[in-house]
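Visitor: I have a structure open and would like to walk through it with you. Could we begin with one residue and then move on to the overall arrangement?

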Amino acid sequence: MLELQLDSPCVMVIDDVPETRMLLRDMLEEMGFLSVIEASNGRDALEKLKSKPAHLILCDHVMEEMSGLDLLSQLRNYPYLVDIPFIVVSAVGDVPVIETALDLGADDYLMKPVSFQLLRRKVSDVFRRRCA
């Protein structure tokens, strides 16, 4: 189990595919996260984050309504959301897209399909860097 530094961390999973959200939720719960919020696109996520900010966001890139990179760009404009760690989880592996995500402030980029071990390592690394 991942040792969490926060009392009750909340993770938001954003993906337009319900099965992907459920898979990531299951992995996060197995890692010890008790609070997982789901959103189906960037616009849905932004509305939910305004009322309940998360401690970590896992977000797909390609979605209807608002893409993951558009959401990331908008989050960096809200003072109370700017510091939320953000991991892009996407099937898009183009180097320019990955570079753009990192330039916009993504903490990491994870390719689908996601393995439990790699997700655990990436989440752990993000929290370790943020807490250092």
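Visitor: To start, is I84 buried or exposed?
Guide: This is a predicted model. In it, I84 has a relative accessible area of 5%, and since values under 20% count as buried, I84 is therefore buried.

Visitor: Where is I84 placed?
Guide: I84 lies in the loop between α3 and β4, the latter covering 86–90.

Visitor: Which residues does I84 touch, not counting residues up to four places away in sequence?
Guide: I84 touches L49, P53, A54, H55, L56, I57, R76, D107 and R130.

Visitor: How many bridges join β1 to β2?
Guide: Five bridges join β1 (residues 10–14) to β2, and the two strands run parallel. Among the residues concerned, M12 has I37 as its bridge partner in β2, and V11 stands opposite V36 of β2.

Visitor: And which way do the residues of β1 point?
Guide: C10, M12 and I14 point one way, while V11 and V13 point the other way, and all are buried. With five of its five residues buried, β1 is therefore largely enclosed by the rest of the structure.

Visitor: Now the helices themselves. How is the packing of two helices described?
Guide: Two packed helices are described by the angle between their axes and the distance between the axes. For α2 (residues 42–51) and α3 (residues 68–75), the angle is about 30° and the axes are 9 Å apart.

Visitor: Why do α2 and α3 count as roughly parallel?
Guide: The angle is about 30°, and angles under 35 degrees count as roughly parallel, so α2 and α3 are roughly parallel to each other. α2 passes α3 in a right-handed crossing.

Visitor: Which residues make that contact?
Guide: On α2 they are G42, A45, L46 and L49, and on α3 they are L71, Q74 and L75. By class, this contact has five nonpolar, two polar and no charged residues.

Visitor: At what angle do α3 and α4 cross?
Guide: α3 and α4 (residues 95–104) cross at roughly 15°, and their axes come within 9 Å. These two helices are therefore roughly parallel to each other, and the crossing of α3 and α4 is left-handed.

Visitor: Which residues meet there?
Guide: From α3, L69, L72 and S73 meet V97, T100, A101 and L104 of α4. The contact of α3 with α4 has five nonpolar, two polar and no charged residues.

Key:
Residues are numbered from 1 along each chain as its sequence is written. This is a predicted model: local features need pLDDT of at least 70, side-chain atom pairs count only at pLDDT 80 or more; totals for chains, interfaces and linings use all residues. Side-chain values use heavy atoms; hydrogens and water are left out. Axes are lines fitted to C-alpha atoms, for helices over the stretch in contact, and angles run from 0 to 180 degrees between N-to-C directions. Helices (H or I, at least four residues) and strands (E, at least two) are DSSP runs, numbered from the N terminus. Angles under 35 degrees count as roughly parallel, over 145 as roughly antiparallel, 65 to 115 as roughly perpendicular and the rest as oblique. A crossing is left-handed if the near helix is turned anticlockwise from the far one by less than a right angle, and right-handed if clockwise. Contact means heavy atoms within 4.5 Å. Ala, Val, Leu, Ile, Met, Phe, Trp, Tyr, Cys and Pro count as nonpolar, Asp, Glu, Lys and Arg as charged, and the others, Gly among them, as polar. Buried means under 20% relative accessible area, exposed over 50%, partly exposed in between (1.4 Å probe, protein chains only). Two strands pair if DSSP finds at least two bridges between them.
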